[in-house]
Amino acid sequence: MNRTTELKALTIRGVTFDPPLFCAPMAAITHSAFRRLLADFGGYGALFTEMLSARMILHEDINKSPWLKRRPSEGTVIYQLMVVDTTRLPEIIDRLAPLKPDGLDLNIACAAHTVRRQGGGADLFHDLERLRDILGVMRRKFQGPLTAKIRLGSKAPDWRSKLGDCLRLLESEGVDALTIHPRFYEEKFKRSARHALYAEFAGQTRLPVIANGDITGVDYYLSNIGSLAPAAGVMIGRIAAACPWIFARWHDPRFTVDHAEIWNRLCDYVAEDFTPEQALIRLKIMAPYYGRNFVFGHEFFKAIHSSPDFETARKRANRFLSMKPELVQLVGVEGI
């Protein structure tokens, strides 16, 4: 059986995503070093950057910034932006042009207080006039695929009506595809994602919808094909931080990995792109996810989290990994 038969190539404005498997934008995770690691395994259709503050882009060296730079090995890369208004937005998009983004994605999903306080992420969902202005500039300035990521909105009796208003606006302003994480903003990662709603979404909009939330791999996808089939693509999130090989294993369930070698490769990549202080922070962010591969993964996490510097963290991790720790049968990221 071809385990990806149900996923057909998705082409948007001349860019083909084959397979339409995407690595989600994840704060402090999908930087250049992690995307480089994912690229070593392949199997995806595109990678997303982490959410980038649009105005920050003006002050970054696009060829050196670990948030902005891209390597040819990464393949198709979509840059996700946090935009709060149209001030300097044309200049910001021009600034990205030398990187040749394969797509731009507007974050309308993030409900973090720090993001909403600035007027970004989920705040745009509740301010459609400002959202319209932003999308208008983005569409005029960028000729490639323009996508957006949203949630269901706020949990209220009229949530369907408000979501419908947002969907119609996205269509009218030239958005080409949409990622929907079917949780309310207030829920963050609580309760299960409502995958059964994708059939409803597909009937509400002509835009291709990409499914996101709780999808842990091909077995989960096939087990929930009835709910996920209406989606044109699949976006994998935090489980990719635990298992960077997840896209390769999607196509080949027998794909084997050396956990110690992969962790050390990540360390090498992070050390190349970040200062030692920044690199230590990135390892500490990754540790709870990667630790989920092991029965006593909390010991892996503790060893790194308590490390005063990058080299100590690396040595402690290798001490743990050298003992050939027992692996869990099913990796999960609940509670992180």
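The sulfur of Cys267 lies 17 Å from the closest cysteine sulfur, that of Cys243, which is too far for a bond. A disulfide here is a pair of cysteine sulfur atoms within 2.5 Å, and by this rule the count is 0 disulfides. Cys166 is likewise in no disulfide, as the nearest cysteine sulfur, in Cys110, is 15 Å away.

This is a predicted model, in which local features need pLDDT of at least 70 and side-chain atom pairs count only at pLDDT 80 or more, while totals for chains, interfaces and linings use all residues. Residues are numbered from 1 along each chain as its sequence is written, and side-chain values use heavy atoms, with hydrogens and water left out.

Cys267 has a relative accessible area of 0% and is therefore buried (under 20% relative accessible area, with a 1.4 Å probe and protein chains only). Cys166 also counts as buried, because its relative accessibility is 0%.

Helix α13 covers residues 259-273 and helix α14 residues 276-290; helices are DSSP runs (H or I, at least four residues), numbered from the N terminus. Their axes come within 10 Å and cross at roughly 155°. Axes are lines fitted to C-alpha atoms over the stretch in contact, and angles run from 0 to 180 degrees between N-to-C directions. α13 and α14 are therefore roughly antiparallel, a term for angles over 145 degrees.

Cys267 is one of the α13 residues in this contact, along with His259, Ile262, Trp263, Leu266 and Val270. From α14 come Ala279, Arg282, Leu283, Met286, Ala287 and Tyr290. Contact means heavy atoms within 4.5 Å.

Terms used. Buried means under 20% relative accessible area, exposed over 50%, partly exposed in between (1.4 Å probe, protein chains only). Helices (H or I, at least four residues) and strands (E, at least two) are DSSP runs, numbered from the N terminus. Angles under 35 degrees count as roughly parallel, over 145 as roughly antiparallel, 65 to 115 as roughly perpendicular and the rest as oblique.
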